[in-house]
Amino acid sequence: MVKRHIDSLGVDVSLLGFGCMRFPLINNEYSKIDYPLAKKMIDRAFAGGVNYFDTAWPYHEKMSEVFVGEALSKYPRDSYFLASKMPTWETFASPREDMEKLFSQQLEKCRVDYFDFYLIHSLDKEHLENCRKYQMYEFLKKKQEEGKIRRLGFSFHDNPELLEEIVQSYTWDFAQIQLNYLDWEVLNAKRLYECLTENHIPVIVMEPVRGGTLATLNDKAAGLFKKADSQASISSWAIRFAASLPKVMTVLSGMSTLEQVEDNVHTLSDFKPLSEEEYQLINEAVAIYRASGTIPCTGCRYCTDCPQGVAIPRIFSHYNLYQIDKNKGAFTNNYRSLLEQEKAHNCVGCGLCMTHCPQQIKIPDFLKEIAAFAEAV
C-alpha cells in the first residue's frame, strides 16, 4: 500500500483510508453490522497496508465506534491511526459536561486512550454557529493538550467562502472534504482543495466514489472506462482521481463488501496517477453522466430523521438506478418493496431533511417528483 508522509504531522498514512459508515448489514438494518464479514474486511485492509480508520458518533446508529473498537483491538495501538468526530448538530444543555461525557464514551466504545485524528463533524454555516456557541474547538484543543487527541481537524460541507472563514478563524492540523471527479466542478471541490492547500492544511478526501454513484454510472459512461482499461473497475477511476492530487493525505472509502476492499487495496497498492489522456476521459464520462438526470445523493443517511418515516436514501437510490438503466419494471418492484409509510407521497414538505443534507439537495421537490412518477408507472 502506498503511504504518504505528511511533514507537518510527522506521520506516514496509507493512501487508502477505511471509512466506517457503510459496513455490511444484517437484514438491511443500519444499526446491525455483520460482524464476521466486516471483521474480515478490516483484517484484509490491514493486511493490505491500510492504517487509517475513520468512524464517527452517528455512524450505523451509534454502533460503528463499538464495532471498530472491537475489530481493531487485536492490533497494536501504534500500528493504526483512528479517527472519530464530535457531532455539531447535538443539543448540549451543559456544553462542557455534555461534550466531556460524549467524548469519554467515544474513547470507551473505541477501546482506546486517545484518537490519532479527531474532527469537528460536518461543518457548514449552521453547524459552525453551534461550534462557536458551545466553544467546541476550545474544548477539543484542551483534549489535544491532554494527549487524548493527537491531531485536530474538521469535516466540511459548504461553500469555499465559508471554508476560508473556518481556515482563518482557527488553527487546524488537517481537514476533510468531499471530493470526487463529479463534484470537482459541480460542487466546486476544486476550490475547496485549493483553499486548504494554499493554507498548508493536509487534505483527507471523503466520498471519492460519491456513495457508490461513481462505481456504476450509466452504460455509455462506464463503457468509456471499460474500453480504456477492461481490467479496471469503474470505481477505481474515481479512487485514482482523488489519490492523484498531491496534497491528499488519504482517500476514505466507505466499503461494504470484501470485493470492494480487494479492489481498492489493489488500486492503491499498484497506484498510478492519472495521465492527461485519462483526465480527458473522465471529463467525457462526467458530461455523459450528468445528462442522465440522477439525483446527487451519496446515501449518507443524514436525512433519515424524517418525522414521517419516508425512506429518503432508498427512494433516491431506486430512482437513480432507473435514471441510469431506464428499467421501469425494476423501479416498480423496488419501490413496492418499501413499506407504505416509507414512500415518497408521505412527504409533507417540512424541510427538516434539507437542514441535514450535506449535498444541499431540494429533497421535498424530488420526493414530490418521484411520488408522481411512481403513481404514473
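The model is predicted: local features require pLDDT of at least 70 and side-chain atom pairs pLDDT 80 or more, while totals for chains, interfaces and linings use all residues. Residues are numbered from 1 along each chain as its sequence is written, and side-chain values use heavy atoms, without hydrogens or water.

**Overall build**

The protein contains 17 helices and twelve strands; these are DSSP runs numbered from the N terminus, with helices (H or I) of at least four residues and strands (E) of at least two. The C-alpha trace spans about 60 × 50 × 45 Å along its principal axes.

Of the 377 residues, 55% are buried, that is, under 20% relative accessible area with a 1.4 Å probe and protein chains only. Contacts are heavy atoms within 4.5 Å. Among contacts between residues at least 6 apart in sequence, 75% join residues at least 24 apart.

**Helix α3**

Helix α3 (residues 64-72) is largely enclosed by the rest of the structure, because seven of its nine residues are buried. These buried residues are Ser64, Glu65, Phe67, Val68, Gly69, Ala71 and Leu72. Their cover includes the strands β5 (29-33), β6 (52-54) and β7 (81-86), together with the helices α1 (35-47), α2 (59-62) and α4 (95-110).

Asp183 lies in helix α8 (residues 183-186) and is buried, at 1% relative accessibility. Leaving out residues up to four places away in sequence, Asp183 touches Gln178, Asn188, Ala189 and Arg210.

Ser236 belongs to helix α11 (residues 234-243). Its relative accessible area is 4%, so Ser236 counts as buried. Beyond its neighbours within four places in sequence, Ser236 is in contact with Asp263 and Thr267.

The table lists polar contacts of these two side chains. A polar contact is a pair of N or O atoms within 3.5 Å; within protein, one must be able to donate a hydrogen and the other to accept it, and residues adjacent in sequence count only if both atoms are side-chain atoms.

| Side chain | Partner | Distance |
|---|---|---|
| Asp183 | Gln178 side chain | 2.6 Å |
| Asp183 | Arg210 side chain | 2.8 Å |

Key. Buried < 20%, exposed > 50% of the residue type's maximum accessible area, 1.4 Å probe, protein only.
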